[in-house]
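Here is a quick tour of some side-chain pairings. Have a look at the sequence and the model before reading on.

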Amino acid sequence: AEFANPDRVLREIGAKRRLLDDYVVTVRIRDEAATRIKAAGDHPDPKDLDEWDRAQREAAILEGPVRLAASVYDDKPGYLAKWAPSE
């Protein structure tokens, strides 16, 4: 049997963590901007609108790769079917 190169496995884990971290930060930025926009009512700050729009687009781009990376763990406890990649 061929064994995986430990250095490559660690690099792969690091890359997946970075992808997930980028997604989590982007979603947090989006959600914080949304909270400020909602609190502002009829007069949201244009900077918040721009920040929400930019983060929303980035989150949408990152979501597919995050779902795909997570899909290899679909047989593990705690994995939720709603995390599956879109068909």
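## Ground rules

A residue is called buried under 20% relative accessible area, exposed over 50%, and partly exposed in between, using a 1.4 Å probe and protein chains only. This is a predicted model, so to speak of local features takes pLDDT of at least 70 and side-chain atom pairs count only at pLDDT 80 or more, while totals for chains, interfaces and linings use all residues. Residues are numbered from 1 along each chain as its sequence is written, and side-chain values use heavy atoms, with hydrogens and water left out.

## A buried threonine

Let's start with Thr26, which sits in helix α1, residues 6-40. (Helices are DSSP runs of H or I with at least four residues, numbered from the N terminus.) Thr26 is buried, at a relative accessible area of 5%.

What does the side chain of Thr26 make a polar contact with? The partner is the side chain of Glu58, at 3.1 Å. A polar contact here is a pair of N or O atoms within 3.5 Å; within protein, one must be able to donate a hydrogen and the other to accept it, and residues adjacent in sequence count only if both atoms are side-chain atoms. Setting aside neighbours within four places in sequence, Thr26 is in contact with Ala55, Glu58, Ala59 and Leu62, where contact means heavy atoms within 4.5 Å.

## A bridge between helices

On to the charged pairs. A salt bridge is a side-chain nitrogen of Lys or Arg within 4 Å of a carboxyl oxygen of Asp or Glu, and that rule gives a count of 8. One of them joins Arg36 to Glu51, with the closest N and O atoms 2.5 Å apart. This pair links distant parts of the chain: Arg36 belongs to helix α1 and Glu51 to helix α2 (residues 46-70), 15 residues apart. Arg36 is partly exposed at 35%, and Glu51 is also partly exposed, at 26%.

Arg57 pairs with Asp53, the closest N and O atoms being 3.0 Å apart. Both lie in helix α2, 4 residues apart, or about one turn of the helix. Arg57 is partly exposed at 48% relative accessibility, as is Asp53 at 34%.

Arg67 forms a salt bridge with Glu63, with 2.8 Å between the closest N and O atoms. Because they are 4 residues apart in helix α2, about one helical turn separates Arg67 and Glu63. Arg67 is partly exposed at 22%, and so is Glu63 at 28%.

Finally, Arg8, Glu12 and Lys16 are tied together by a network of salt bridges.

Conventions
Helix = DSSP H or I, 4+ residues; strand = E, 2+ residues; numbered from the N terminus.
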